[in-house]
Amino acid sequence: MDYIIGMDIGTTASKGVLYQENGKNIEELSIPYPLIQEQVDQAEEDPQVIFDAVQKIIFGLSKRVSGKIKAISWSSQMHSLIGIGKDNQVLTNSITWADNRSSQIVAQAKESGLAQDIYQQTGMPPHPMAPVYKLLWIKEENPKLFAQVQKWIGIKEYIIWRLTGKIVTDTTMAAGTGLLNLHTLTWDGKLLDKIELDPKKLPSLAKPEDVVGKVETEYIQKLSLNPETKIILGASDGYLSTIGVGVLDKKYFALNVGTSGAIRAIAPKAIVDSKNRFFCYPVDKSHYLLGGPVNNGGIVFEWARKTIFGPDQTAEDFISVAETVPAGSNGLIFHPYLGGERAPIWNAQARGSFIGLSRNHTKPQMARSVLEGIVFNLLGAARGLREKLGEPEALRVTGGFVRSDFVRQLIADIFNLPVVVIKNDQSGTLAAMFLAQLGLNEENSLDKIVKGVDNSKVYFPNPKNVRVYQDIIPIYREVEHDLDQSYDKIAQFQKKYPKLFE
């Protein structure tokens, strides 16, 4: 029997899953790595450290089955940027989606109208996560480096290049750069002219299921592979985690909440929003990934657990206390923008806040309001999708934040939709494995993936709680917009007096 490895290159760790050809999960390996954050708003990674982690994972999984690996397919974090110079010299770290140093460039692009042009042509909302803004920032801050780079690639392209010698990207990853034209599915020539970037400095484009090639000789023995092991191009984690839970059209929305989060759907055509509320990333000319990513998911829950209750209290303790309070937290509203925010407000300078706090509020209300605020924010991220695509039949949910019955019910009540819990949290690598089967001509469509999705439980909205949330959510939105004018001022104050926040 031959096997397929589904690799997921995450922001804080890489994970590999060994699959049988029938989709059965045999073994998983994961290796973490650090973010480089030596200055304000910086969020980089060392690509060599990530490549080392990937090699160790592939070696460990391949040894498990005596090198009988038919293919390796990839799921990857989006929006990273790496500069390669002459003689294949790596000139930069991997600048991740979480790096906000191009915030000022985004602000200028909004004022000039460039940001709106970028969104309309590429489906990329105005935010420093996008490589198009990172490139403009590098060009302004370090023009010498900008000129030296011969190829601009992301972390998935870097790993595949190291293994095969080929620099190629798929449409879903290219869409995440803010440089791919929504309609032609080619690099946008007019946009490249505006930022003075030669298209030859970008990877060639291919389909996610395409076979890039075989592993180069030096890595066959090193990784305990066989000479026939093929590298499948793969796709973005956003796309793969969506189809990996059985969301192949607009009938369902996929909601994933881990450290960060996102709500996504698949549409049959390109759809952009006059308010720039969601992204639109092409897969091919009849499938487009629409969605809203949020910075503030489980990471906010962890902050609240440690800050409100203390480091010795567990997540279960926090949720148990929150459960003692009725829906609406007695009028206490929490805006969870502790790390700026992408969808729905697309403001990297946003800050968190409690609104409506009184002497009658205690830890239980604060605990519940934090959980409600995280979900209110996700609801906001879904608002544009619901308006453009219509109401889904249900949400299909995954992620560490949604492991408790209480949080699952909270989501059902706030969204006023059934919540279907998916057992398999490795939806991205599962979908990557299916891509490999397509690329190897062992399958002819992705429809089979739905049969491989295991639903564990359905949660239906509680009408009593729904009524409460429908009363308080408009207030949450109103305050959100009122505070928008103050976020930049607060952020500037914090930068002016950094020692006050050490």
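Helix 15 is mostly covered, with 13 of its 13 residues buried. Buried here means under 20% relative accessible area, exposed over 50%, and partly exposed in between, with a 1.4 Å probe and protein chains only. I took helices (H or I, at least four residues) and strands (E, at least two) as DSSP runs, numbered from the N terminus.

I am working on a predicted model, where local features need pLDDT of at least 70, side-chain atom pairs count only at pLDDT 80 or more, and totals for chains, interfaces and linings use all residues. Residues are numbered from 1 along each chain as its sequence is written, and side-chain values use heavy atoms, with hydrogens and water left out.

**Entry 1: helix 15 length**

I checked the span next. Just after helix 15, I found N441 with a positive phi of about 65°.

**Entry 2: second largest pocket**

I looked up open space. On a 1 Å grid over the protein atoms alone, a pocket is an open set of points with protein on both sides within 12 Å along at least five of seven lines; a cavity is a set where a 1.4 Å probe fits but cannot get out; lining residues have an atom within 4 Å of a point. Grid points are joined across faces, edges and corners, and a volume is the space filled by probe spheres set on the points.

The second largest pocket comes to about 840 Å³. It has 30 lining residues, and K110, I345, W346, N347 and D484 are the closest to its centre. Which helix gives the most to this lining? Helix 16 does, with 8 residues. Helix 2 (103-112), helix 13 (363-389) and helix 16 (463-496) each supply at least two residues.

I sorted the lining by class: Ala, Val, Leu, Ile, Met, Phe, Trp, Tyr, Cys and Pro count as nonpolar, Asp, Glu, Lys and Arg as charged, and the others, Gly among them, as polar. The pocket lining divides into 8 nonpolar, 11 polar and 11 charged residues.

Why does the second largest pocket lie between domain 1 and domain 2? Domain 1 (2-238) and domain 2 (246-423 + 462-501) both give residues to its lining. The domain bounds come from an automatic or database domain assignment.

**Entry 3: cavities**

I searched the whole structure and got 2 cavities of 30 Å³ or more.

The largest cavity has a volume of about 150 Å³. Its lining has 18 residues, with S80, I153, G154, E157 and T177 nearest the centre. Helix 4 (131-141), strand 8 (151-153) and helix 7 (171-175) each bring at least two. By class I read 11 nonpolar, 6 polar and 1 charged.

The second largest cavity has a volume of about 40 Å³. Its lining residues include S241, N256, R264, R396 and S427. Helix 10 (237-243), strand 14 (252-257) and strand 20 (394-398) are the elements that give two or more residues to this lining. Strand 14 has the largest share, 3 residues. The classes are 3 nonpolar, 5 polar and 2 charged.

**Entry 4: loops**

I took the loop between helix 12 (315-322) and strand 18 (333-335), where L332 lies. Is L332 buried or exposed? L332 counts as buried, because its relative accessibility is 1%. L332 and K194 are 138 residues apart in sequence and 47 Å apart in space, C-alpha to C-alpha.

N330 is also placed in the loop between helix 12 and strand 18. Its phi is positive, near 55°, and N330 is not a glycine. At 46% relative accessibility, N330 is partly exposed.

E196 sits in the loop between helix 8 (189-194) and strand 10 (204-206). Phi of E196 is near 55°, positive in a residue other than glycine. E196 is exposed, at 57% relative accessible area.

I noted a cis peptide bond from A343 to P344, omega near 0°. P344 is in the loop between strand 18 and strand 19 (353-355).

**Entry 5: UniProt record**

The unreviewed UniProt entry lists "Carbohydrate kinase FGGY N-terminal" as a domain at residues 3-244. I computed 36% helix and 23% strand there, with end C-alpha atoms 19 Å apart. The unreviewed entry also lists "Carbohydrate kinase FGGY C-terminal" at residues 255-436. That stretch is 37% helix and 21% strand, its end C-alpha atoms 24 Å apart. UniProt positions are in the numbering used here, feature names are shortened, and annotations may be inferred rather than shown by experiment.
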